[in-house]
Amino acid sequence: MLLAVPLFLPAQALLKLNANFKKTALAEVLLQLETNYPISFSFDDVLIKNIEVSTKFKNLPLDRAMSRIVENTGLDFEIVDGKYVLIKKATEAVSAPPPTPPSLTICGKVLDAETKDALTGATVYINNTEQGTYTDTLGQFNLSGQFAENDTLAISYMGYEVIQFAVEDFLGQPCKETSLRASLTWMADVLIKDFSVDMITLGEKGNFHFKKEKIPTLPGWGEPDVMRMLQFLPGIGSAEESAARLNVRGGTPDQNLVLWDGIPIYHTGHFFGLYDAFNPYVVSDVDVWRGNFGTEYGGRNSSVIDIAGRPGYVDESTWGFGFNLLHINGFMEKPMFRKSNKKHKKGAVMVAFRRSWVDAINSSTYQKLFNQVFQNGRVAIEEQYRDESEFVTWQPIISYGDFNLKFKWQNKNRNENSISVYSGFDRLDYRFAYDDSLSFFETNDVIEASNFGFSWQHLATWSPRLKVKYKVALSTYNNNYSFQWNEDVRERLFIQKYNTTNVLGDLSVQLHHTLDVADKGNVSFGYHLSAQQAFLEFSDTNAITKEANVWTEDTTSIGLHTFYASFNSDQNEKFSYSLGLRMNIFPLRGIYYYEPRASFNWRPLWDGFSVKGSVGRNWQFAFQVIDFGDLGVGEPLWALAKEEIPAQELWQLTLGLQYEKRSMLVDAEFYWKDSRNLTSLNLRVDRGYERPWSFDGTSTAKGFDFLIRKRWPPYSIWFAYSLGSVDLQFPELNNGLPYPARHDIRHQLNWVNMLSINRWDVSANLHFRTGSPYSIPEVEQVPCEECSVSDFTYALNFDDLNAARLPNTIRLDVSATYSFGRKTRDWKLGLAFYNLLNRQNILDKDFLLETPPFDQPQSGFDLQELDRLAAGVAPNFFVQYEW
């Protein structure tokens, strides 16, 4: 029903009004109209002050009625969505333009008059001109333009009184502090909410910006989930139906730079990727680039996902606790320095945690998601043995969790500092045993993956033209897998034990500066030190022979010195561009990696419409190795480029159109990407296929992404479509010929619908994508030295890689949440259904070849085709309470 809402939306007919006013204050007129009709007004008190209205009409449409009301007042109006009216000053015709005054520059700082807190985003403008700016996070502004000393400077902020000064008051002196007082102005709350920052907006640097609190409910999951939210954008998806392992415009998951408060995160998902590793209730903002990111970012080739966490500068403490069918969560946000006598100091602290309880309960949702992860591997095969025999013990236990701690404060100079700590972990304990009192056999698998991170960030304004952002971040990734087996002697821990240990450490120091060098231009420049070390070891231990072997032990260290700069120009209203260069220096090997980047934004037609494009080069020095063995699941291993393993190179080109205006957002973009020096070690290969050790692969990705978001309050629609292809080529694979990648999804569509009525938020998403490629093997005879009867056996031959495609995937996800509470106590209850139609969508295919034992004649074989299915209908119920 929700998906069909747009089909029944009638063309908007304007309200018809009746009125009879005689020398009535305009503010009173607007108040009476809003009381009598379902309309809302937004205006500046100063603008309508001392204006009286005398008019009489009956049964007039809203547009004609407003024309009568503002007639001869010097005001104009604009009607949005049929019921929101913006009152503004009428445009005055000028017979001849005045002489152009010389260019002047003024600066200042805008504070709250009572608390002395900086007001971020306050509007600073010259009256009767289009020249203006906004205050930054420190409340500071810098305005350059062609205005005169006797012009009037106005400063406004929603909820505060507008103040005005002569421009000459700001000339020839240090940046002046200005205080705004809170206003009791009557304003339409609905309009303020509707025209505030939407769930997604276009960023200033070619990115998409998300505000977490603007997401009413997430289809299929109910609760916010950052990484799944990003998959509503065209060009971003997951061939594995994973929340954490994203494919961005033909890239692999290891080509995404994921940052939490500046900390590089290498373990991005819980429950083997089904949930992301970030607590949604402490997320503040998310910025995502699908490529074409600025020179301040590097080290990955596909995308940047930059997540900022709470807290903000709050006046009161906030506590939260909640749970769903898989985990519990809690957080606390508290102000600092409340008792300090120094009013200019302020700060806040935030603590949060999440912890699974699937190891304590066994819900149907957990079972369905478990089956999606583990099917076709040894865990699923051995589960069948448990069903067939009472002597079999089959016991997999999964646990996961994360922890956040953050301090944020301003010092006496109003420079901002923050310290953030992140920790996340996942663990699988799997025991399989057969014990009938006569025979005994046991195996144990343990997977432990974790990520710990720390960051310190410093933001300061050194002068009206120079701002700095300094960052120090440390991230460590640990991945340990052990397998042990035992038989006959129950008291013995094991006979043989195999271990895989992978550790990656990443220390990052970045000094970023932004310098205004022209009226509408700036230079961003900085230095980035990246010190990384990766350790990988394969070993085994035999408890009977008391022998231990280290089969592989590799430690790789990288120390990169990176210098970068970009010039960003916005010289006129029609055209802006950015030219930049990032230079990576590898001192130990004397190698320089250059990354030129350029982008433009051309606005040739109406306001909000633009043509955009970019070209750039990227280098990547870290990559993943996929080696899950017969268990079927695991966490990827991280490795670093070195002398025999080259860094991965990418060239990319984008060209598109975008339009953003109030309730509508449209974005369309073509892209082309060419990657070199790829490794075959991060490819998922078919069972029975021996993967070569190759680092000379290439990839070509090209496609088209289209997004449209439209609001008809209280209904919103989000339509995202992607058309793309990804081809790989390795000399050692597919006879050296190009072939489609496993994540080559030709068509993908998300149709998201959201409806907010009173306390209810309802959402639905219809997801469609074409099937992933897969390989169909042929069975062939091969020589067999181990065979005692025959001199041959059978094996799978994958000559033509990924020549077939799986069926299309169609999935309907729905969610509903109900909010209630009093004053500062807020409850939210939610129910969500993933794959409501319970369709059997196939994620992958495996082929299992069974032949007779080697001591018997090799007279035949049995080839089984195994489908790996996505989860069926999976409900999720959640409760969140904040006070």
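**View 1. Around S356, where a side chain meets a backbone.** In this predicted model, a polar atom in the side chain of S356 lies 2.9 Å from the backbone nitrogen of Y400. The side chain of S356 also has a polar contact of 3.2 Å with the side chain of R355. You'll find S356 in strand 25, which covers residues 346-356. Is S356 buried or exposed? With a relative accessible area of 3%, S356 counts as buried. Leaving aside residues up to four places away in sequence, S356 touches L326, H327, I398, S399 and Y400.

**View 2. K845 and its partners.** K845 sits in strand 51, residues 842-850. Its relative accessible area is 7%, so K845 is buried, because buried means under 20%. Which side chains make polar contacts with K845? One is E865, joined to K845 by a side-chain contact of 2.6 Å. Another is D867, and the contact between the side chains of K845 and D867 is 2.6 Å. Now look at L866: K845 and L866 are 21 residues apart in sequence, yet their C-alpha atoms are 5.6 Å apart in space.

**View 3. The disulfide of C107 and C175.** A disulfide is a covalent bond between the sulfur atoms of two cysteines. The structure holds two of these links, and this view shows the one joining C107 to C175, with an S to S distance of 2.1 Å. The angle about the S-S bond is -100°, and the link of C107 and C175 is left-handed. What does this pair tie together? C107 belongs to strand 6 (residues 103-112), while C175 is in the loop between strand 11 (163-166) and strand 12 (176-180), so the bond connects parts that are 68 residues apart in sequence. C107 is buried, at 9% relative accessible area, whereas C175 is partly exposed, at 35%.

**View 4. The disulfide of C784 and C787.** Here the sulfur atoms of C784 and C787 are 2.1 Å apart. This link is right-handed, with 85° about the S-S bond. Both C784 and C787 are buried. If you number the bonded cysteines of the chain in sequence order, the pairing reads 1-2, 3-4.

**View 5. Two aromatic pairs.** A pair of aromatic rings is described by the distance of the centres and the angle of the planes. A search of the whole structure turns up 32 aromatic pairs. One of them is Y592 with Y594, a stacked pair with 6.4 Å centre to centre and 15° between the planes. Y592 is partly exposed, with a relative accessible area of 47%, and Y594 is partly exposed as well, at 38%. Next come F792 and Y794: their ring centres are 5.8 Å apart and their planes are at 90°, so this pair is edge-to-face. F792 is partly exposed at 22% relative accessible area, but Y794 is buried at 16%.

**View 6. A ring cluster, and a charge over a ring.** Which residues do ring pairs link into a cluster? They are W760, Y818, F820, W827, Y881 and W883. Elsewhere, take a look at K176 and F170. The charged end of K176 sits over the ring of F170, 5.1 Å from the centre of that ring.

Note on methods: Residues are numbered from 1 along each chain as its sequence is written. This is a predicted model: local features need pLDDT of at least 70, side-chain atom pairs count only at pLDDT 80 or more; totals for chains, interfaces and linings use all residues. Side-chain values use heavy atoms; hydrogens and water are left out. A disulfide is a pair of cysteine sulfur atoms within 2.5 Å. Helices (H or I, at least four residues) and strands (E, at least two) are DSSP runs, numbered from the N terminus. Buried means under 20% relative accessible area, exposed over 50%, partly exposed in between (1.4 Å probe, protein chains only). A polar contact is a pair of N or O atoms within 3.5 Å; within protein, one must be able to donate a hydrogen and the other to accept it, and residues adjacent in sequence count only if both atoms are side-chain atoms. Contact means heavy atoms within 4.5 Å. Rings of Phe, Tyr and Trp (its six-membered ring) pair if their centres lie within 6.5 Å; planes under 30 degrees apart count as stacked, over 60 as edge-to-face and the rest as tilted. A charge sits over a ring if NZ of Lys or CZ of Arg is within 6 Å of the ring centre and within 35 degrees of the ring normal.
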